[in-house]
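Trainee: I would like to learn how to read a contact surface and its charged pairs. Can we work through an example together?
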Amino acid sequence: MAKSGGPAGPSAIMVERTFRSRIADYVTQTWAVAAAEVQKLYHDPLELFTRAVQPVLWLMLFGEVMARVRGVAPGNLPYLDYLAAGILAQSALFVAIFYGISAIWEHDLGVLQRYLASPAPRSALVLGKAISAGVRALSQALIVYILALLLGVAINLNPLNIAGVAAAIVLGSGLFSTLSLIIACVVKTRERFMGIGQVLTMPIFFASNAIYPLSLMPPWLNVVSHVNPLTYEVDALRALMLTRGVSDYGLMLDFGVMAAATAVLVAVAAKMYGRMGY
Amino acid sequence: MSEQNSNASPAEPAVRISELTRRFGDLTAVDRVSLSIATGEIFGLIGPNGAGKSTLIRMLTTLLSPTSGTATIAGHDIVNEPAEVRRHIGYVPQLLSADGSLTGYENMLLSARLYGVPRAERKQRIERALARMGLAEAAHHLAGHYSGGMIRRLEIAQSLLHRPEVLILDEPTVGLDPAARDTVWERVLELRSRFHRTMIVTSHLMNEVDQFCDRIALIDRGRIVAVGTPAELKARVGPGATLDDVFIRLVAAREEEQEGGYGEVRRARRAIRDHG
């Protein structure tokens, strides 16, 4: 890449071209990180099945019992349908919130140093990690879908709706996995991370509309749940996944909140991730 | 970017370090280090544990920013142009940097993408590099199943895909058996003779440094204690001296003065782990 740009100085076309090639590089670098994750899943898919146990238990034990309680789900929506969207979000959340531990692993080995010594912008690396978490979560979603269909949940199989669900899951997982990466950058050891991860998942999950509507909550918890991004992810999933699902906040707001939160977290994480090589 | 060494003129050293300093609280890990390394040189960094070698290398690879001073690598400044520096160097960390849950080929592909190797050339370059490192047959096996020597060769191949002007190897032969060690050095020498790459290598093994490096810097307590060809350094100590003698003569004095016991060792080891 010539710094001089020829005797006449850089022409508009050249500037345009380097800008384009920079974007292309950025996309490739982001994809490099995500593709590596997909390859790892391909080599060792067992993990996907072991992780599927938890959503199965929630739907089959908790869901079947709670379905007998009347008036939890709003309108005429069966509780199991209501819960299915929440559990879909939950299974993605649980994968994402512990995702940062892989960054600690990579730091303790030397893989992180390899990433950081490359010319890839830190934000591309962080974004690549976020997409990887999304890919992992999509495989979880497939299992929840199959299970929900078996349990007789009225699922909307319109390809557009499925695409919308996939988008919400990737975005939501990116959001929480990036939060997880930030925590990993702060605590730096696996032991401390596990502790904090456990402490975080509970409030994020219960202070949301994943398993009951916000209208049942005491006012203070209602407020907390309204600033919880998981609430918006669940709201979007409920509207897109179920034939009888409706969104309380509107899909625009749901996706807007998730996208904005993800953007802020990626920017913060990019700063911190670069310093993890110390 | 395909033409190599676009910025540096032949007379310009590949690496020029000036007054580079890094402090961690009270500890000065690297203390006003200045060095000049010529293109095509194999330059060895030796010194006791915690001397500051890894901190120095972390600054040269832009993973750590200096407290003061700077360095220029292939014409780019590590403080002002870290991204350009990263583009022009290859780095083989001391720790395990190949991903064991990916195959050799996938590890190479990851590096090729991160370093912007053009898509059309990726496959060919990867296959050629793997073959050169004797890994063609194992290309599609998981790196987790490789031997120590194979992993090192894979890591070196990964750091060379983008044809860096300067290759930085942090303890490349640590933990390898003698045969694997020789193979790694063979490849390093071949890189120099065929492609005229500049290399910075840290090591604890005086005999391999003596045998393979053009010049050496001995670092102790963050400072450069001596620089020169192995022959020059040995001549300083006396006739018939080995590099071990040089090391012991120049470094041993302080080992005795600060005999520490467990607490000291623990502190030192932690310091090495945290910031080498």
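This is a predicted model: local features need pLDDT of at least 70, side-chain atom pairs count only at pLDDT 80 or more; totals for chains, interfaces and linings use all residues.

Trainee: How much area do chain A and chain B bury between them?

Mentor: The size of an interface is often given as the accessible area lost when the parts come together. Here chain A and chain B bury about 2900 Å² between them, and carbon and sulfur atoms hold 58% of that area. In residue terms, 30 residues of chain A touch 33 residues of chain B.

Trainee: Which residues form the salt bridge between chain A and chain B?

Mentor: Side chains of opposite charge can pair when their charged atoms come close. The count between chain A and chain B is 1 salt bridge. B:Asp99 pairs with A:Lys40, with 2.8 Å between the closest N and O atoms. A:Lys40 and B:Asp99 also belong to a network of salt bridges that links them with A:Glu106 and A:Lys129.

Trainee: Now chain B by itself. How many helices and strands does chain B have?

Mentor: Chain B has 10 helices and 10 strands. It has 276 residues, of which 54% count as buried. The accessible surface of chain B is about 12300 Å², with 48% belonging to carbon and sulfur atoms.

Trainee: What share of the contacts in chain B with a separation of 6 or more comes from residues 24 or more positions apart?

Mentor: For chain B that share is 68%.

Trainee: How many salt bridges are there over all chains?

Mentor: A search of the whole structure gives 18 salt bridges. One of them is in chain A, where A:Asp108 meets A:Arg190 at 2.9 Å, N to O. This pair links distant parts of the chain: A:Asp108 is in helix α5 of chain A and A:Arg190 is in helix α9 (residues 190-206) of chain A, 82 residues apart. A:Asp108 is partly exposed, at a relative accessible area of 35%, and A:Arg190 is partly exposed as well, at 29%.

Trainee: And in chain B, where do B:Arg215 and B:Glu41 lie?

Mentor: Their side chains meet in a salt bridge at 2.5 Å, N to O. B:Arg215 is in strand β9 (residues 215-220) of chain B, while B:Glu41 is in the loop between β2 (27-37) and β3 (42-46) of chain B, so the pair ties together parts that are 174 residues apart in sequence.

Trainee: Is B:Glu41 buried or exposed?

Mentor: B:Glu41 is buried, because its relative accessible area is 10% and buried means under 20%. B:Arg215 is partly exposed, with a value of 23%.

Trainee: Which helices hold B:Asp210 and B:Lys234?

Mentor: These two side chains form a salt bridge at 2.9 Å, N to O. B:Asp210 is in helix α7 (residues 206-212) of chain B and B:Lys234 in helix α8 (residues 230-237) of chain B, so parts 24 residues apart in sequence are tied together. B:Asp210 is partly exposed, with a relative accessible area of 25%.

Terms used
Residues are numbered from 1 along each chain as its sequence is written. Chains are lettered from A and ligands numbered from 1 in the order in which they are written. Side-chain values use heavy atoms; hydrogens and water are left out. Contact means heavy atoms within 4.5 Å. Buried area is the accessible area (1.4 Å probe) that two parts lose on being put together, summed over both. A salt bridge is a side-chain nitrogen of Lys or Arg within 4 Å of a carboxyl oxygen of Asp or Glu. Helices (H or I, at least four residues) and strands (E, at least two) are DSSP runs, numbered from the N terminus. Buried means under 20% relative accessible area, exposed over 50%, partly exposed in between (1.4 Å probe, protein chains only). Accessible areas come from the Shrake-Rupley method with a 1.4 Å probe; for residues, only the protein chains shown count as cover.
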